[in-house]
Amino acid sequence: MISPSPAPAIDWGALVVQPAISGTPARGVRRFAGQTIVCELQDLAERTVRDHAATAPRLEVGGLLIGDVYTAGSGFHVDVSGALPARRAISGMLHLRFGVAAWLDLTRERHLRKRERVVGWYHTHPGIGVFLSATDRNLHGAFFCGLPWYVALVFDPAGPAGPAGDELGVFAQDDGALGQLAAVARADGPLAGQAGQERST
Ligand SMILES: [Zn+2]
């Protein structure tokens, strides 16, 4: 019988429960919502992801999302304020691997940004759409299953931009299942539609 190898011990930062932010998001913030998780993506974080994607438009790239987490009723409000690109991750057209060098870089960066905690991870899907593959789900399960508020952001730089935000999706362990949060609103734009159908590969 093969037992799963344990995830490496990485200090992601402990959760300090704080009151939820209420009201409408500030300008430049994109909001995603599920049953128990609300995620606000600040403009700086989104721009960092987009800039990272632009450095390798045909390859998958990724990194960590940092910010803060607040309690909101029986769920969590995840505020994504920044992103830490894994510059030395091993990228391919349909895969991404965070090797030792990438983790070391991220751990170093993480210590420079002590005020913010790790709230999840992101990666790109150039030209293949926004979804979590089986590999992505395994990675999320291995590294980000310890706390329910970790989010996974997927960005397809070739995807359709626009108010529905179909080129960018946020996934979380929402109400017990790992699924895509609905794109709800962008503070400086019109209300967006619901999230697309989930896909699997
Ligand atoms: Zn993926």
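Helices here are DSSP runs of at least four residues, numbered from the N terminus. Keep in mind that this is a predicted model.

**Stop one: helix H3.** Select residues 134-143, and you have helix H3. Now colour Asp136, Leu139 and His140: these are the buried residues of H3. Look down the helix axis and you'll find that these buried residues fall within an arc of 100°, so they line one face of H3. There's a handy rule behind this kind of pattern: an α-helix has 3.6 residues a turn, so residues three or four places apart point the same way.

**Stop two: the other face.** Pick Ala134 and Asn138 next. Both are exposed, and they sit on the face of H3 turned away from its buried side.

**Stop three: the cover.** What lies over the buried residues of H3? Select 151-155 and 177-180: strand S8 and strand S10 are among the elements that cover them.

**Stop four: glycine 141.** Go back to H3 and click glycine 141, which lies in this helix.

**Last stop: aspartate 175.** Find aspartate 175 in the loop between strand S9 (168-174) and S10. Its phi is near 55°, a positive value in a residue other than glycine. Most residues other than glycine have a negative phi. Aspartate 175 counts as partly exposed, because 13 C-beta neighbours lie inside 10 Å.

How values were computed:
Residues are numbered from 1 along each chain as its sequence is written. This is a predicted model: local features need pLDDT of at least 70, side-chain atom pairs count only at pLDDT 80 or more; totals for chains, interfaces and linings use all residues. Helices (H or I, at least four residues) and strands (E, at least two) are DSSP runs, numbered from the N terminus. A residue is buried if 20 or more other C-beta atoms lie within 10 Å of its own, exposed if 12 or fewer, and partly exposed in between; C-beta atoms are placed from the backbone. The arc is that of the directions from the helix axis to the C-beta atoms. Two residues are in contact if their C-beta atoms, placed from the backbone, lie within 7 Å.
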